[in-house]
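Please take a look around the inside of this protein with me.

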Amino acid sequence: MTYTAPIKDMLFDMEHLAQIDQVAQIPGFEDAGLETAQAVLEECAKLCEGVVAPLNVPGDVNPSSFKDGVVTTTPGFADAFKQYAEGGWQGLQHPTDFGGQGLPKTIGAACIEMLNSANLSFALCPLLTDGAIEALLTAGSDELKSTYLEKLVTGEWTGTMNLTEPQAGSDLALVRTKAEPQGDGTYKVFGTKIFITYGEHDMADNIVHLVLARVAGAPEGVKGISLFVVPKFLVNQDGSLGERNDVHCVSIEHKMGIKASPTAVLQFGDNGGAIGYLVGEENRGLEYMFIMMNAARYAVGVQGLAVAERSYQHAVAYAKERVQSRPVDGSVKTSATIIHHPDVRRMLMTMRASNEGCRAMATTAAAAYDAAHHHPDPAVRQANQTFYEFMVPLVKGYSTEMSLEVTSLGVQVHGGMGFIEETGAAQYYRDAKILTIYEGTTAIQANDLVGRKTARDGGQTAKAIAAQIEKTEAELNTSGTDTAKAIAASLSLARQAFVKVVDFMVANAKATPNAAYAGSVPYLMLTGNLVAGWQMGRSALAAQAQLNLGQDAAFMQAKLTTAKFYAEHILARVPGQADAVLHGADSVMELPMDMF
């Protein structure tokens, strides 16, 4: 099944929700308005649709392989990556000082969505490189930046994140990889890292590993972790590649999904020690790694949206060609294509509305990121940073959980044929599952939302967002249309439920933590649902305004219909989710452990 990038919907969100013309007023982004966005998206779509998407099924059927320490990627991947790098796509959002294009995240996020819709396994390589670039830009010395950044930004080299060890998954306090200072500014690194995405491959000349390790004598726990650059090949003074470093892939994992992406076990220091270079200061590694992780968490949320969009397109194509049963309304006297059937339409609308809601939420968050990092007014930067930080666990947590629902519906639309691998529907479902796990599970995102983003400031940020939502409700109610009023009614009920839950979390996060955290994931899901629903309400207002101007009637009417469906079928779940949080904590913890 072919992939068609949803450029029109992306541009609608950029123009009407993210206000890209305001982003283009920020110094450095003057040339990054709607016209530029359209040109970039159209060019990106050519690469994603024509080069990367056709490799998706072959990558699943013929994944990366490992032999004698060498990883060989799926045929076609290396050439596609070369085209990706030569097109400047790796550097799209990164500074021009290091060979990037310096475009805003508002545009870059849409390109990330396209790449991941085209081929989730392929897109993981650039995603990890983006994280490495962010960490070095923030904490790397001038020497590290001059040695590594331009090669990473141009895609000539790729990057990895090395956190996890066999005994240290989400609990990084248990990291045992050690780093020994050598007296010349370098360190020797010893240890094993697992689950390293693109930790070894044949698509680039060098791989720049960013590795968490402990220096001898460092404090116990997370306060004693440092971050190191450990390249696959050492780099000579003139920038050329030198000898092979003592870091080797010893195996790759056999996985449920994202099969073409090599997930490596890396061994550091088997032959005397891998040479590493300290990033920033000793014992501040976790702080720097979180820079990578926050960048990656947003991107993983976009991955959820991306695979859900691909699944939706696949399901629609099948529903329009699969003939089965007469329609219940008698509109066709013989068996008809299944898109005639109400429940198939319900599933397709759930998929469509979920995707549009998450895309709107992610695009709005991207614009906040751009303002937070580049706006000249410190107060505007701070306000947008607070909003963006609140949004990251929602984009990551809600969008990835949404992708599981949507890709499952994609299989369901296909009926029994969805369970057959040859139709391709199952791959999206299998690929999507990892998204709720890596870069912090949904529970970790939810804990972050409860502790750092809600309880810490007494619910101020959450309630400020609720106040903005209330303003959107008022605009919808005064717009005069039945559709707008229906959306406003659902939005109001959801917002009121949200505020009650925020109060509950503030009151209980410290006083009775089990009560609060038993409802942390439902709280994340209802908050993500509400914020996506709010953006759908804003979309409806914008679509109605465009309709009144006579602009693209079919598209704008579809936006209104989809927003109304979201309000009536998806946003309507929030009050029930709130009840589970407010009244359901006891039953979560009540059963004695030995009864499980």
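What follows is a short walk through cavities, helices and a few residues.

This is a predicted model, in which local features need pLDDT of at least 70 and side-chain atom pairs count only at pLDDT 80 or more, while totals for chains, interfaces and linings use all residues. Residues are numbered from 1 along each chain as its sequence is written, and side-chain values use heavy atoms, with hydrogens and water left out.

A cavity here is a set of points, on a 1 Å grid over the protein atoms alone, where a 1.4 Å probe fits but cannot get out; its lining residues have an atom within 4 Å of a point. Grid points are joined across faces, edges and corners, and the volume is the space filled by probe spheres set on the points. A search of the whole structure finds 3 cavities of 30 Å³ or more.

The largest cavity holds about 90 Å³ of space. Its lining includes Met10, Thr106, Tyr298 and Arg359. Two or more lining residues come from each of helix H1 (7-16), helix H6 (105-118), helix H9 (285-319) and helix H10 (342-374). Helices (H or I, at least four residues) are DSSP runs, numbered from the N terminus. H6 gives the largest share of this lining, 4 residues. By class, the lining has 8 nonpolar, 2 polar and 2 charged residues. Here Ala, Val, Leu, Ile, Met, Phe, Trp, Tyr, Cys and Pro count as nonpolar, Asp, Glu, Lys and Arg as charged, and the others, Gly among them, as polar.

The second largest cavity holds about 40 Å³. H6, H9 and helix H12 (425-433) each supply at least two residues of its lining, and the largest share, 3 residues, comes from H6. Among the lining residues are Asn119 and Leu120.

Those two residues lead us to the next helix. At the start of H7, a side-chain oxygen of asparagine 119 reaches to within 3.3 Å of the backbone nitrogen of serine 121.

Our last stop is alanine 489, in helix H15 (residues 482-508).

Conventions:
On a 1 Å grid over the protein atoms alone, a cavity is a set of points where a 1.4 Å probe fits but cannot get out, and a pocket is an open set with protein on both sides within 12 Å along at least five of seven lines; lining residues have an atom within 4 Å of a point. A polar contact is a pair of N or O atoms within 3.5 Å; within protein, one must be able to donate a hydrogen and the other to accept it, and residues adjacent in sequence count only if both atoms are side-chain atoms.
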